[in-house]
Amino acid sequence: SISAIMSRADGSALMATERGRQFVLQKSIEIRRRLMVFDILDRQKACNPDPTKPFESFDDAFERLSAYQAFDTQLPNTEEAAKYDKAMDAGAQEIVKRMSEVEKKLEQHLHKEAKENKLEEQIALEKLSCQQALQDVKAVREERGRAMQPERLLCLVHGLREESILQRYKEQQATMILED
């Protein structure tokens with residue numbers, strides 16, 4: 001039981017130490033963010049000064065001129081500038097190389113797609129051919145229906161007189177035409 005209490009105490013001490021580290025880390029991140037914001041604000045002030053407004057006091061002059069400290073760095077010497085230029089050239093060449101590879105892959109993909117019929121195009125063509133076939137079937141059925149004269153067939157099947165049925169049919173057709 002004493003060892004259990006000791007292990008708990010050690011564990012809570014470790015947890016407290018861990019919490020302390022997290023707290024310090026969070027504060028450090030917060031301070032870095034604030035410094036970055038102040039640096040950005042100083043750079044904006046230095047890049048966009050108001051030259052028409054004179055200094056009103058020492059504090060005003062200090063505040064407005066201290067923004068230029070964001071640019072208070074040494075200029076690189078010729079060796080450093082040459083090294084930087086070489087690094088930038090190598091980076092630019094790498095980017096151009098990668099872009100050409102991407103363009104080649106894109107071109108190959110586009111050629112491949114152009115050669116293959118797209119599924120949507122195939123479906124649209126099949127749909128059009130089905131519609132055309134249905135129209136042809138309907139036209140053939142109408143033609144056969146007219147040639148068979150279904151009214152006469154009905155008269156024969158039901159034992160009716162052809163003339164009376166045909167007369168009624170013609171009258172119905174005439175009234176339909178007049179109504180339209």
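**View 1. From the N terminus on, the elements of this chain run α-α-α-α-α-α.** The secondary structure comes to 6 helices and 0 strands; helices (H or I, at least four residues) and strands (E, at least two) are DSSP runs, numbered from the N terminus. Please keep in mind that this is a predicted model: local features need pLDDT of at least 70, side-chain atom pairs count only at pLDDT 80 or more, and totals for chains, interfaces and linings use all residues. Residues are numbered from 1 along each chain as its sequence is written, and side-chain values use heavy atoms, with hydrogens and water left out. Of the 180 residues in the chain, 4% are buried; buried means under 20% relative accessible area, exposed over 50%, and partly exposed in between (1.4 Å probe, protein chains only). The chain exposes about 17300 Å², and carbon and sulfur atoms supply 59% of that area. Accessible areas come from the Shrake-Rupley method with a 1.4 Å probe; for residues, only the protein chains shown count as cover.

**View 2. Glutamate 30 has salt-bridge partners in lysine 27 and arginine 34.** A salt bridge is a side-chain nitrogen of Lys or Arg within 4 Å of a carboxyl oxygen of Asp or Glu, and a search of the whole structure finds 4 of them. Between glutamate 30 and lysine 27, the N to O distance is 3.9 Å. These two residues are about one helical turn apart because they sit 3 residues from each other in helix 1.

View 3. Glutamate 94 is partly exposed, at 34% relative accessibility, whereas arginine 98 is exposed, with a relative accessible area of 53%. Back in the previous view, salt bridges that share partners join Lys27, Glu30 and Arg34 into one network.

**View 4. Asparagine 77 caps the N-terminal end of helix 3.** A side-chain oxygen of asparagine 77 lies 3.3 Å from the backbone nitrogen of glutamate 79. For this kind of polar contact, a pair of N or O atoms lies within 3.5 Å; within protein, one must be able to donate a hydrogen and the other to accept it, and residues adjacent in sequence count only if both atoms are side-chain atoms. Helix 3 itself covers residues 78-115, 38 residues in all. From its first C-alpha to its last, helix 3 reaches 55 Å, close to the 56 Å expected at 1.5 Å a residue. The expected span is 1.5 Å times one less than the number of residues.

**View 5. Phenylalanine 58 and phenylalanine 62 form a stacked aromatic pair.** A search of the whole structure finds 1 aromatic pair. In this pair, phenylalanine 58 and phenylalanine 62 are 6.5 Å apart centre to centre, with 25° between the planes. Rings of Phe, Tyr and Trp (its six-membered ring) pair if their centres lie within 6.5 Å; planes under 30 degrees apart count as stacked, over 60 as edge-to-face and the rest as tilted. Both phenylalanines belong to helix 2 (residues 58-66), 4 residues apart, about one turn of the helix. Phenylalanine 58 and phenylalanine 62 are both exposed.

**View 6. Cysteine 155 is a buried residue of helix 5 (residues 150-158).** Its relative accessibility is 3%. The C-alpha atoms of cysteine 155 and leucine 166 are separated by 9.5 Å, with the two residues 11 apart along the chain.
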